Amino acid sequence: LQQQTGFSIVDEVQSKNTFVQQLQQHKPDILIADYNCPEFIGRQEIGQVKNWSPTTNTLIISANSDNATILEVIQSGVTGYLTKSCSREEVIAAIHA
């Protein structure tokens, strides 16, 4: 994505411990996260993103493609959900959506 015109990656979060601090510091336009990464972000954190950074949209990219998981994630307030089998073009389109 760094090579795509108009995008800049402001940070990569390595743990839940720094997630909120970095989100509030950078206030990115979009947060791209893996929902299956328990040491980083889960349903509780996804639901709080707008509280911590009101202008940040959240795009989840996950290995889960079952309807129950997708519905749970969408209900928690994300802007978009893609599976890891998606193409680069689909990621870019979701960011622009």
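A residue is called buried here when its relative accessible area is under 20%, exposed when over 50%, and partly exposed in between, using a 1.4 Å probe and protein chains only. The structure is a predicted model, in which local features need pLDDT of at least 70, side-chain atom pairs count only at pLDDT 80 or more, and totals for chains, interfaces and linings use all residues. Residues are numbered from 1 along each chain as its sequence is written, and side-chain values use heavy atoms, with hydrogens and water left out.

Confidence comes first. The pLDDT, the predictor's confidence in each residue from 0 to 100, averages 84 over the protein, and 90% of the residues score at least 70. The mean is highest in strand β3, at 94, and lowest in helix α2 (residues 43-52), at 84. Where pLDDT is low, the predicted coordinates should not be read in detail.

The protein contains 4 helices and 3 strands, taken as DSSP runs numbered from the N terminus (helices H or I, at least four residues; strands E, at least two). Along the sequence they follow the pattern α-β-α-β-α-β-α.

Strand β2 (residues 57-62) has 5 of its 6 residues buried, so the rest of the structure largely encloses it. Strands count as paired if DSSP finds at least two bridges between them. With strand β1 (residues 30-33), β2 runs parallel, joined by 4 bridges; here I30 has N57 of β2 as its bridge partner. Strand β3 (residues 80-83) also pairs with β2 in the parallel sense, over 4 bridges, and Y81 in β3 stands opposite I60. From β2 the chain passes through helix α3 (residues 67-75) to β3 in a right-handed β-α-β crossover, meaning that, with the strands pointing away from the viewer, the path from the first strand over the helix to the second runs clockwise.

The loop between β2 and α3 holds N64. With a relative accessibility of 25%, N64 counts as partly exposed. Its C-alpha atom lies 9.1 Å from that of L82, 18 residues apart along the chain.

Turning to the helices, α1 (residues 16-26) packs with α2 at an angle of about 30 degrees, their axes 10 Å apart. Axes are lines fitted to C-alpha atoms, for helices over the stretch in contact, and angles run from 0 to 180 degrees between N-to-C directions. The two helices, α1 and α2, are therefore roughly parallel (angles under 35 degrees; over 145 is roughly antiparallel, 65 to 115 roughly perpendicular and the rest oblique).
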